[in-house]
Amino acid sequence: MRARLRAVALILLMAPIPVVAAANLTFSDVVARVRRRAPEVLAAETALQSERAARVGATPLFGENPSVEGGAGWMAENQGTAWRDTRHGPTAWLQVSVPVEIAAQRWRRVAAADARILASAEARDETVREALLVAGMAFYRAVHAQQVVELQKRVEQLAERTRELAMARFRAGELAELEARLTEMESASASRDRYAAEAAYQHALAELATLLGVSLDEMDGVEGTLRRREPLPMLQQATDRAVARADVRVATAERKVALAEANEAAGRAFPTPRLKGYYQYWHQEHAVMAVVEVPLPLFEHGQGDEARARARARGMLVEEDQRREAARAEVRTAHALVTRLAGLRQQLEERGQQPLEVLLSDVETAYRSRQTDLNTLLNVLGHLLQAERELLDLQLQETLARLWLDAAMGALP
């Protein structure tokens, strides 16, 4: 039995260990990683957890701890002129002091802590919105670089096919050697362009990996498209959504924090009475007293705190209105940009790329049948490459503008 177990263990050790290949990142993967691993998002989440922990310090029933004071000793009391006329014996006393908050001081403290938690949560959401915009743009730049690589591979294949056609005509004596060598130069140039495109793609992947807080080993590439299937929202609908985005909510929350801290400071202006219970024992006699201690409010605690907090609240109200107007203006600008770029892209698709593809097919057919020359074929191929690259660049600009619009509306996932 042991020999059989050793044989099984040996087989398992000698078996190849499976390696999990890195997967292509989609936009949904980028969103999930930004929310889970982006450094700035983690810092914002830590700040939120810190505010939640600080709320524990605001919830105790008493602002100060009760105190207990006591003592014991020997007491003597003269009752006459002679020494033996002195009454003496053990004595002990105990005093308990409890602070009593008035003017809802505890409620004001808790309300201020809750307001700071809400403001920290809104700030975390704003950090996520900004991080998603930056990472999303990096993702689509990587998608664009990937598609440029695919385009350069097609160009390289077309250039190689053109070289083979030219060499066949050269061997048949129908083409000069210089023109045949020209096609070889075009093929080599297409290969160099593909290498450069692949280098740019790797650089785009490295930029994306840095933003996500991962290494290049954890991502094999990106998977996505530069075409958005969602219809463009109406301008009024987009501007209505923008006024509720995270940075506007941050200003609102900060104003509420200032008001809550002003109320907390107003509560601290009231004195904190102390209820005291006093007990004393001496010579088989007991004394019990109740004492109320009220500080005189000659000097206000935290002088000027309430005024400063209310001034900050007034300033945040103005800033809140400004952020709301800035959000509407940003949405109008982004919406107009997306509309214009979509129109330009549609015109380029209709007037530029499709006719050139048909023309390239016709010119290749004519070149095989000896009805056109090599220069015409190379010119059409160059124009087609330029049109497809311009289309890719325009699609990237449209996609980035649409991503900007989504961020301006507060509609990023």
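**Group meeting: helix packing and cores in a predicted model**

Let's start at one residue. Setting aside neighbours within four places in sequence, Val30 is in contact with Ala135, Phe139 and Leu212. Contact here means heavy atoms within 4.5 Å.

Ground rules, quickly. This is a predicted model, where local features need pLDDT of at least 70, side-chain atom pairs count only at pLDDT 80 or more, and totals for chains, interfaces and linings use all residues. Residues are numbered from 1 along each chain as its sequence is written, and side-chain values use heavy atoms, with hydrogens and water left out.

Back to Val30. It is found in helix H2. Helices (H or I, at least four residues) and strands (E, at least two) are DSSP runs, numbered from the N terminus. Is Val30 buried or exposed? Val30 counts as buried, because its relative accessibility is 1%. The cut-offs: buried is under 20% relative accessible area, exposed is over 50%, and partly exposed is in between, with a 1.4 Å probe and protein chains only. Val30 and Leu132 are 102 residues apart along the chain, yet their C-alpha atoms are separated by 8.2 Å.

Now the helix pair. Two packed helices are described by the angle between their axes and the distance between the axes. H2 covers residues 27-37 and H4 covers residues 105-171. Their axes come within 10 Å and cross at roughly 145°. Axes are lines fitted to C-alpha atoms, for helices over the stretch in contact, and angles run from 0 to 180 degrees between N-to-C directions. The crossing of H2 and H4 is right-handed.

Which residues make the contact? From H2: Phe27, Val30, Val31, Val34 and Arg35. From H4: Val128, Ala131, Leu132, Ala135, Gly136, Phe139 and Tyr140. By class, that is 10 nonpolar, 1 polar and 1 charged residues. Ala, Val, Leu, Ile, Met, Phe, Trp, Tyr, Cys and Pro count as nonpolar, Asp, Glu, Lys and Arg as charged, and the others, Gly among them, as polar.

Next, the cores. A nonpolar core is a set of buried Ala, Val, Leu, Ile, Met, Phe, Trp, Tyr and Cys residues joined through side-chain atoms within 4.5 Å. The largest has 42 residues. Val34, Phe139, Tyr140, Leu208, Leu212 and Val222 touch the most other members. H2, H4, H5 and helix H9 (374-409) each give two or more residues to this core. H4 gives the most, with 17 residues. Leaving out residues up to four places away in sequence, Tyr140 touches Phe27, Thr225, Leu226, Leu396, Thr399, Leu400 and Leu403. A second, separate core has 15 residues, including Ala242, Val248, Val331 and Val338.

Further along H4 sits Glu150. Glu150 counts as partly exposed, at 42% relative accessibility. Its C-alpha atom is separated by 9.3 Å from that of Glu198, 48 residues apart along the chain.

On to H5, residues 177-212. It has 36 residues and reaches 53 Å from first C-alpha to last, close to the 52 Å expected at 1.5 Å a residue. Just after H5, Gly213 takes a positive phi of about 75°.

Gln95 is found in strand E3 (residues 86-99). Gln95 is buried, because its relative accessible area is 18%.

Whole-protein numbers to finish. There are 9 helices and 6 strands. Of 413 residues, 37% count as buried.

Technical notes:
Left-handed = near helix turned anticlockwise from the far one by under 90°. Expected span 1.5 Å × (residues − 1).
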